[in-house]
Amino acid sequence: IELFLQEASNADKNIQCQLLLQADSFFRKVMTINQESPEFPRLLKCIHSFFQSLDSNLSLFLEDNGKSKSLSDIIIFFTKSSIASQISSDISIFTITFLLINDLNEENLKCFYPFLHIFFTTPTFAVPFENEGGLNCLWKLLIDPSKVNLFEIVFSDIQQTINLYFQSKDSEKTNEFFTTVIETTKDIPISNATKAFQFIHDLISNSQTNILIPFINQGGFTSFNQYIIDHSDPSLLTLYHIFMSLCISPKVIPEYPDEVNPIIGELIKFFEFPELSESFQKSAMKILLKSLSLFTKNYCPIQPESLYIVASSLKPEQKESALLLFQISHYLMTNFNFDITLTIPLFFPFYDYNFFIENDVHQLFEVLKMAEDSFLPFVPLFFTSITKNINPEQFFDLIDKYPTILEFLNVYVNDNIFTDHLLTLFYSISPLFKDRKMY
């Protein structure tokens, strides 16, 4: 083997390929050497030299289907050998070189699918692959449009060993990887976006240490949010569905109950983008509402300022978003000791007779009822808005649908809420009530 490798080092490229492939049969004969034997270090050295020669001339092997098949067989032999752990770094470096090589012929590439499956599903190679820069390699693969199919193969296989990555407490390497991710998020092909989010989630969720907060602090979610906005695709908000399970992780829930949950806090930032379309808005609000249901009553994941940011993003014409805002507000007040005071003024654009009649806003009335004194300064404006330009029959229809209006009139009767128009409406509808209790 040493003679083959020495001759190959001085031969031209094509001869070198042939000599390296011919070394296969000799490797198979000596791989059973006892690891206690003085010859064993020589064997490891030969294998190391063999892989070095492969890495520097790999493209030549991949030009021909026959050579590709032969090389794949050799690599699989090493990968499944009893000394795989001792040569795992060599195999990992080869894998990185292979994955990043350009202009791979699809047919020749298929020869290596069995090897890639064994490599990425075998725990032995996870740590060496990561130590040799494997995660950066996979991220480069992910953002390369020409390697979408190859990444699909790797991504499927690595799910079986993803829990073995990011187990080191070396924060410097983690931060370096995150920096690469953040700087290149914009380059992710749209077809790989969900896989990218899932890949980062899986690494973070399986990490031995709490690396989510550093990822957030470095701007990870900021870059993801910007990517989603730049591609104008609300379906990419699946990012937050993917990370939702981490919201209630002990690693994530803040130490103090008055702090916003870090992941939901990043979702709230999404509402700060200017000119947010209603489709984006509704998708994000639905995710927010769903995420709230994950938490117990002793910890509210958002603060009044958070809801204010969400409400501030709505425009008067965005009626469907308004209904979701009422739903979120109702859930917060029903399930948490939530102070709605800050957001109540932002309900004003939606106090409209037609909107109330055409939609179900019972939850808004419940919110305003629970708000009690916080709603008091806005009661006159509320009644002025919903009764503007309507007749007694319309006012009756409104009260018939929302009897809580009568409760408001009763509670706030001494707070100068009755304009001449409202008084006229109020007395005009009295004979219309057939229900004695309502009367």
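**Figure 1. Phe365 in the predicted model.** At 1% relative accessibility, Phe365 counts as buried, because the limit for that label is under 20%. The model shown here and in the other views is predicted. Phe365 is found in helix α22. Leaving aside residues up to four places away in sequence, Phe365 touches Phe356, Phe382, Tyr402, Thr404, Ile405 and Phe408. Leu60 lies 305 residues from Phe365 along the chain, and the C-alpha atoms of these two residues are separated by 73 Å.

**Figure 2. Helix α12 and its buried side.** Helix α12 runs over residues 171-184 and has 14 residues. From first C-alpha to last, α12 reaches 20 Å, close to the 20 Å expected at 1.5 Å a residue. Which residues of α12 are buried? They are Thr174, Phe177, Phe178, Val181 and Thr184. These residues cover an arc of only 145° around the axis, which puts them on the same side of α12. An α-helix has 3.6 residues a turn, so residues three or four places apart point the same way. The exposed residues Glu172 and Glu183 are carried by the face of α12 turned away from its buried side. The partners against which the buried residues of α12 pack are α10 (134-143), α13 (193-206), α14 (212-218) and α15 (220-230).

**Figure 3. Two aromatic pairs.** The count of aromatic pairs comes to 51. Phe177 and Phe178 form one that is tilted, with 6.2 Å from centre to centre and 40° between the planes. Phe177 and Phe178 are both buried. In another pair, the ring centres of Tyr351 and Phe382 are 5.0 Å apart and the planes stand at 85°, so this pair is edge-to-face. Tyr351 lies in the loop between α20 and α21, while Phe382 lies in helix α23 (residues 379-387), so the pair ties together parts that are 31 residues apart in sequence. Are Tyr351 and Phe382 buried or exposed? Tyr351 is buried, with a relative accessible area of 5%. Phe382 is buried as well, with a relative accessible area of 0%.

**Figure 4. Helix α20 and its packing partners.** Helix α20 covers residues 319-335, which gives it 17 residues. The distance from its first C-alpha to its last is 24 Å, close to the 24 Å expected at 1.5 Å a residue. Its buried residues are Ser321, Ala322, Leu324, Leu325, Phe326, Ile328, Ser329, His330, Leu332 and Met333. Which helices do the buried residues of α20 pack against? They pack against α18 (278-292), α19 (304-312), α21 (353-358) and α22 (362-371). Lys319 has its charged end over the ring of Phe355, 5.2 Å from the centre of that ring.

Figure 5. Asp24 is found in helix α2 (residues 13-30). With a relative accessible area of 16%, Asp24 is buried. What joins the side chains of Asp24 and Arg28? A polar contact of 2.8 Å joins them. Arg28 also lies over the face of Phe77, at 4.5 Å from the ring centre.

Definitions and conventions: Residues are numbered from 1 along each chain as its sequence is written. This is a predicted model: local features need pLDDT of at least 70, side-chain atom pairs count only at pLDDT 80 or more; totals for chains, interfaces and linings use all residues. Side-chain values use heavy atoms; hydrogens and water are left out. Helices (H or I, at least four residues) and strands (E, at least two) are DSSP runs, numbered from the N terminus. The expected span of a helix is 1.5 Å times one less than its number of residues. Buried means under 20% relative accessible area, exposed over 50%, partly exposed in between (1.4 Å probe, protein chains only). Contact means heavy atoms within 4.5 Å. The arc is that of the directions from the helix axis to the C-beta atoms. Rings of Phe, Tyr and Trp (its six-membered ring) pair if their centres lie within 6.5 Å; planes under 30 degrees apart count as stacked, over 60 as edge-to-face and the rest as tilted. A charge sits over a ring if NZ of Lys or CZ of Arg is within 6 Å of the ring centre and within 35 degrees of the ring normal. A polar contact is a pair of N or O atoms within 3.5 Å; within protein, one must be able to donate a hydrogen and the other to accept it, and residues adjacent in sequence count only if both atoms are side-chain atoms.
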